[in-house]
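Let us learn to read a fold by asking plain things of it. Have the sequence and the model at hand.

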Amino acid sequence: MTTPLEDLLKLEPEDIWKRNERPTADQMRDKQQIYYEDIEEGAELPKYIYKPTPTHLFRWSAAIENFHRIHYDLDFGLNHDKNPSILVHGSWKQSVVPQFLKDWTSPGGWPWKARFEHRAMLVPGDVLIMWGRVVEKSVKSQMGLIELEIGMKTHDGVESMPGTATVVLPLRDGPPIPYPFIPPTD
Amino acid sequence: MARFMAIHNVPSMNEADFRGKLDSVKKWRPDRRTTILKVYGDLSTGKIVTECEAAEQSHFEDWITMVGWPAESIHQVDMICQVGNIWKL
């Protein structure tokens, strides 16, 4: 049972971090399928908690070869762009969304669509909460479609990435979700 | 946004006071761009220099009130030389 987002935001950053529900690789290997019928509107997905550090940012810059100085050069960020610190990459936030949705729907579901906006600067020292909430359910082409509200909040409650997503879960007595995924037509 | 620097005189300051005062205001964040960048302390003479990036000087003044280190003077910073690099703000 995940801690409700509202309750999580009442905790100190260190305590929010202790509620990280991001599964380990072993947990993912043993993950049991969630079925459409298991999900109720209003349910919250397990929260993924992140604590980005300058080391994480530098590693991401190197990994994706984005060498804009605002992400790793503190002097430049402060004095040239007048930022409060080095900035967490939007592309990193973007990378969290499909992982978050894929993990929840695995092994047999499918993260179909997601959209979100980058709204706030994130900096080392922020504790970040990747969250999702079920807003609507429907069945199409024998697949369970789950509409989600998603976002990434800072420990002090700023929504940095409001968005929506559609994921597909199998019906308990339905066929497997096709792979590669074929969107429903009806 | 603007950079501000304040000079404080806080006699009989010790390391525990320095840490404790700063810890008590660590949640101060009037907005996501405002931040205390550095605090320099010479505890032997009670001199402290603080540096803040803020939208308005009044935000910095609020922090100074909260931390309880009266400022002898507050200055808006125009130029910085940092590790050999000169930055015009």
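**Reading the sheet, the core and the contacts**

Q: What is the order of the strands in the open sheet of five strands?
A: The order is S1-S3-S4-S5-S2 in chain A, with antiparallel pairing. Strands (E, at least two residues) and helices (H or I, at least four) are DSSP runs, numbered from the N terminus. Two strands pair if DSSP finds at least two bridges between them. This is a predicted model: local features need pLDDT of at least 70, side-chain atom pairs count only at pLDDT 80 or more, and totals for chains, interfaces and linings use all residues. Residues are numbered from 1 along each chain as its sequence is written, while chains are lettered from A and ligands numbered from 1 in the order in which they are written.

Q: Over how many bridges do S3(A) and S4(A) pair?
A: They pair over twelve bridges, in the antiparallel sense. Look at A:Gly132: its bridge partner in S4(A) is A:Ile150.

Q: Which strands does H6(A) touch as it packs on the sheet?
A: Contact is judged by C-beta atoms, placed from the backbone, that lie within 7 Å. H6(A) touches S1, S2, S3, S4 and S5 of chain A. Its direction makes about 150 degrees with that of S2(A). Such angles run from 0 to 180 degrees between N-to-C directions, with axes as lines fitted to C-alpha atoms, for helices over the stretch in contact.

Q: Why is A:Lys102 called partly exposed?
A: A residue is buried if 20 or more other C-beta atoms lie within 10 Å of its own, exposed if 12 or fewer, and partly exposed in between. A:Lys102 has 15, so it is partly exposed. This residue is found in helix H6 (residues 90-105) of chain A.

Q: Which residues touch the most other members of the largest nonpolar core?
A: In soluble globular proteins, nonpolar side chains tend to be buried together. A nonpolar core is a set of buried Ala, Val, Leu, Ile, Met, Phe, Trp, Tyr and Cys residues joined through C-beta atoms within 7 Å. This one has 33 residues. Those touching the most other members include A:Phe100, A:Leu128 and A:Met130. Among the elements that give two or more residues to the core are H6 and strand S3 (128-140) of chain A.

Q: What does A:Met130 touch?
A: Not counting residues up to four places away in sequence, A:Met130 touches A:Lys47, A:Tyr48, A:Val96, A:Phe100 and A:Met152.

Terms used:
Two residues are in contact if their C-beta atoms, placed from the backbone, lie within 7 Å.
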